[in-house]
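Please read the following note with the structure open beside you, and follow each numbered point in turn.

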Amino acid sequence: MLVLLKDHNVFFDNPLSYKFIFLWQPDSWNLFLPNRRDFIAVCYIGRFTPPPKERLMKLFFIRYTKIIFIHLRLHKLFSPFSSLLLNLYYLTKFSAWASKNKNVPYNDFPSKWSYEKRYKLYKWVVEKEHLEYTPINYLEFGVAAGQSFLWFLGQNSNTDSRFYGFDTFTGLPEDWGPFKKGAFSNNNQPPAIDDTRAKFYQGLFQQTIHKFLPELNNNKRNVIMMDADIYSATVYTLTSLAPFLKTGDIIFFDEFAVPSHEFKAFTDFVQSFYIKLELIAAANNYYFTVFRVA
Ligand SMILES: C[S@@+](CC[C@H](N)C(=O)[O-])C[C@H]1O[C@@H](n2cnc3c(N)ncnc32)[C@H](O)[C@@H]1O
C-alpha cells in the first residue's frame, strides 16, 4: 500500500498506524512533492494496538504546555524565581538522599555546624581505608593555598604514592553564592611544597585534566578530593574521571551539602554514568562526605 502524507507528525499521532513503516524522502522525489516536509510512506498492512489514551493525553499536555510557555514568553515571569526553584528542587532531592543514606558508621547528622570537623573525618577514613602506607594517587581538585593537600601529603608515607593538585590558583572562575569570581586565589601561584611526589597543574580543570590523564598510573588506588565548590567544575571533573574510576577508589566532597552545586554535580553524574558511589562517612551535616566506588 502506498500512502502520501502531508505531514509525518499527523501520521505518527494517528491511531491508524501499521506494524512496519518505511519513510523516505529521496531528493529526486522533490520534483513531485510540494515541499520538504512531505513524505512517501510504504506501509506493511497489519495493525498494532494503539497507544493508551492516558499516554496520548500526557504527551499532548506536555507538548502544548511547552509551546504555550515559549509562545507567551513565560520565562519573563519565572526567571526571578528560577534560582529559588532550582535550589528547592535539589534541596528536596538532597533531603530524600540524606534520609536514605543516614545509616553509615560515621555520620554526625544532626549536629552543630562546624568547618573544623573535616580533619577528624579525613583521619577516620584514612585509618579505616588503610591509606597511610599503601601506594595511592591523590588527586585534589581545588587546592587554593594547599591546606587539605598538605594534610593528605603528610598522611601517606609510601614513596610510590603521587599527589596531584589542580587549580587556577587565581581563584573561582565564576561566582559561587556569596563568594565572587576570584575568591580563594593563591596569587596565581601553586603552594610551595618540598616533596617530589607532589605535582600541580595550573589552569582551569577544563584545560588541564585531559592533558594529565595519560600520565595517571591507574594501578594504584585513587583518592579524589573534590573541593572546587562550583557545579561546573565538579561535574566536569567527575565526568572526565569516570573512565578511570575503579572499585575501591575513594571520593571526598568538601561542600556536598550545597544542593545546586556539589550535590547537583554528584546526582547528575551518578544518574548519567550508572556508577554506584557508596557513602562511607559524612560529617558536619553532610557538608563533608566520603564515597567508595562500588
Ligand atoms: C575552596 S577552594 C579549595 C580549598 C582547598 N582545598 C583547601 O583545603 O584549602 C576552591 C578552589 O577551586 C578552584 N577552582 C574552582 N573551579 C575551578 C576550575 N574550573 N578550574 C580550576 N580551579 C577551579 C578555585 O580556584 C579555588 O582555589
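**Note on a helix pair and a ligand site**

1. In this predicted model, helix α7 passes helix α8 in a right-handed crossing. On the α7 side the contact is made by Y231, T234, V235, L238 and T239, while α8 contributes S260, H261, E262, K264, A265, D268 and F269. Sorted by class, the residues of this contact are 5 nonpolar, 4 polar and 3 charged.

2. Two packed helices are described by the angle between their axes and the distance between the axes. Here the axes of α7, residues 231–241, and α8, residues 259–273, come within 8 Å and cross at roughly 30°. Because angles under 35 degrees count as roughly parallel, α7 is described as roughly parallel to α8.

3. Which residues of α7 are buried? They are Y231, A233, T234, V235, T237, L238 and L241, and the elements against which the buried residues of α7 pack are the strands β5 (136–141) and β8 (221–226) together with the helices α6 and α8.

4. Turning to the ligand, 20 residues surround it, and the closest are G142, A144, Q147, S148 and A233. A233 belongs to the buried residues of α7 as well. The helices α5 (147–155) and α6 (205–212) each supply at least two residues of the shell around the ligand.

5. How do the residues of the shell around the ligand divide into nonpolar, polar and charged? There are 11 nonpolar residues, 6 polar residues and 3 charged residues in that shell.

Definitions and conventions:
Residues numbered from 1 in each chain as written. Predicted model: local features only at pLDDT ≥ 70, side-chain atom pairs only at ≥ 80, totals over all residues. Near = placed C-beta within 6 Å. Helix = DSSP H or I, 4+ residues; strand = E, 2+ residues; numbered from the N terminus. Nonpolar A, V, L, I, M, F, W, Y, C, P; charged D, E, K, R; others polar. Axes fitted to C-alpha atoms, helices over the stretch in contact; angles between N-to-C directions. Parallel < 35°, antiparallel > 145°, perpendicular 65-115°, else oblique. Left-handed = near helix turned anticlockwise from the far one by under 90°. Contact = placed C-beta atoms within 7 Å. Buried ≥ 20, exposed ≤ 12 C-beta atoms within 10 Å, placed from the backbone.
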